[in-house]
Amino acid sequence: MAEEVAVPSSQEQVQLSFAPVVKGVTPAVVNIFTRKTVSVRNPMMDDPLLRRFFGDRGMGVPRERVENSLGSGVIVGSDGTIVTNNHVIEGADEITVALSDGREYEAKLQIADPRTDLAVLKIDSGKESLPILTLADSDAVEVGDLVLAIGNPFGVGQTVTSGIVSAVARTQVGVSDYRFFIQTDAAINPGNSGGALVDLKGRLVGINSSIYSRDGGSLGIGFAIPSAMVKSVIAAARSGGRIIRPWLGAGGQPVTPDLATGLGLDRPRGVLINSIVDGGPAAKGGIQVGDVILQIDGHAVTDEDALAFRLATHDVGGNITLGIWRKGKALDVTVPLEAPPEKPARDTRVIEGRNPFTGATVVNLSPAVAEELGRIFSGTGVVIAEIAGGAPADRVGFKVGDHILKLNDVDINSTKELAEVIAAPSRAWRITIERGGREISTVLPR
């Protein structure tokens, strides 16, 4: 039975203080300080005229500079486990955690997951006790619930702001691949990233991640990563630091108003399946092209972002129940939760020499590689997994995740084949790639 929630009915109730909740929560919210060393080159020396006039004279040699940044985090384990945003600690050489009582500890990175924008740190407090926050069920959060946001905005020190949940399951926003957020009007500003969003029982419902802003300040629209996703990343960190998410083995598209009418749905919702991988989980569960996925384990699936989020919060192993719409009828199907296979083997290669792909790391496309890169598996081929900054591949405009379809009119099916075509003589580079569902072709001089 759902817990009954009462609206304040008197002036005295409206004037009740959040102080008891704050006192119990704030000790578990920490400040995170990071330091990283970056190489800085004088941009004036990129001008060939200036280089000719002045020569190097040490001005063209990159110099090192230390950058400091600030964020927040939440202690979620008495063993010193801390959750924060990945963008708070990304690239850091040193990470320091400061507790609200003044204690400071050096932190070690346990796991960093750019796809969810979450990271898990570990500190060793010895015999010192650590306050922790327990995780709430983020799926029980409703629009209108009161919440508190705790962090260190602008480096002024720990602050607490209150507000209400203004939307749940908010998609198409944010900085992570799994764009599925709790939206709140509690004031969140730079420095709050990685801090806690808690309910009035002092439980963690989300990790503050990003804001909607025109000038860098809070406009009353902030986004928090739900605790359901936080829980899955913590579990991965505690089980060895490797994240393996289940895959569906199917591709889909949004249900537009016209499609909804044609399918007999009452409104546009769900994900229309338009491709299925042979032998994948969807195929094993009996899903067919033309089915619309409406639910996962009873939770509504509004679009592709919601589908990806719901899958990502599950561990590999066991089964899930999908609520689907097929030919005007609602059905339930059971699909196994399987790790995406790495077939074919990725055969990683770093492209060198004088060609447009120099500096790119390429791999053979497989379901596992597609999941890592956050793209829908679309058959075999070669994709770009990494690009060195400033390399020819970077200057040409290639991006991580680009699917190399053709080179010099040859279909590219493997990294070995790509290397062979690159080595073959030709008068120009005729390149066709797939990016975001679009084919892009270009011709470059050799």
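Trainee: What is the N to O distance where the side chains of Asp347 and Arg349 meet in a salt bridge?
Mentor: Good place to begin: this is a predicted model, where local features need pLDDT of at least 70 and side-chain atom pairs count only at pLDDT 80 or more, while totals for chains, interfaces and linings use all residues. Residues are numbered from 1 along each chain as its sequence is written, and side-chain values use heavy atoms, leaving out hydrogens and water. A salt bridge needs a side-chain nitrogen of Lys or Arg within 4 Å of a carboxyl oxygen of Asp or Glu. Asp347 and Arg349 meet that rule, with an N to O distance of 3.2 Å.

Trainee: Is Arg310 buried or exposed?
Mentor: Buried means under 20% relative accessible area, exposed over 50%, and partly exposed in between (1.4 Å probe, protein chains only). Arg310 has a relative accessible area of 7%, so the word for Arg310 is buried.

Trainee: How many residues of helix H8 are buried?
Mentor: Helices (H or I, at least four residues) and strands (E, at least two) are DSSP runs, numbered from the N terminus. H8 spans residues 304-312 and is mostly covered. Among its buried residues are Leu307, Phe309 and Arg310. Of nine residues in H8, the number buried is seven.

Trainee: At the start of H8, which residue has a side-chain oxygen that reaches the backbone nitrogen of Asp305?
Mentor: A polar contact is a pair of N or O atoms within 3.5 Å; within protein, one must be able to donate a hydrogen and the other to accept it, and residues adjacent in sequence count only if both atoms are side-chain atoms. Here the separation is within 3.2 Å, and the oxygen belongs to Asp303.

Trainee: What angle lies between the planes of Phe357 and Phe398?
Mentor: Rings of Phe, Tyr and Trp (its six-membered ring) pair if their centres lie within 6.5 Å; planes under 30 degrees apart count as stacked, over 60 as edge-to-face and the rest as tilted. The structure holds two aromatic pairs. Phe357 and Phe398 form one that is stacked, at 4.7 Å centre to centre, and the angle between the planes is 15°.

Trainee: Why does the pair of Phe357 and Phe398 tie together parts that are apart in sequence, and by how many residues?
Mentor: Phe357 and Phe398 are both buried. Phe357 lies in the loop between strands S20 (349-350) and S21 (360-364), and Phe398 in the loop between helix H10 (392-396) and strand S23 (403-407), so the parts they tie together are apart in sequence by 41 residues.

Trainee: Which residue's side chain does a polar contact join to Ser209?
Mentor: Ser209 is found in strand S12 (residues 204-211). Ser209 counts as buried because its relative accessible area is 4%. The polar contact is 3.2 Å, and the partner is Asp117.
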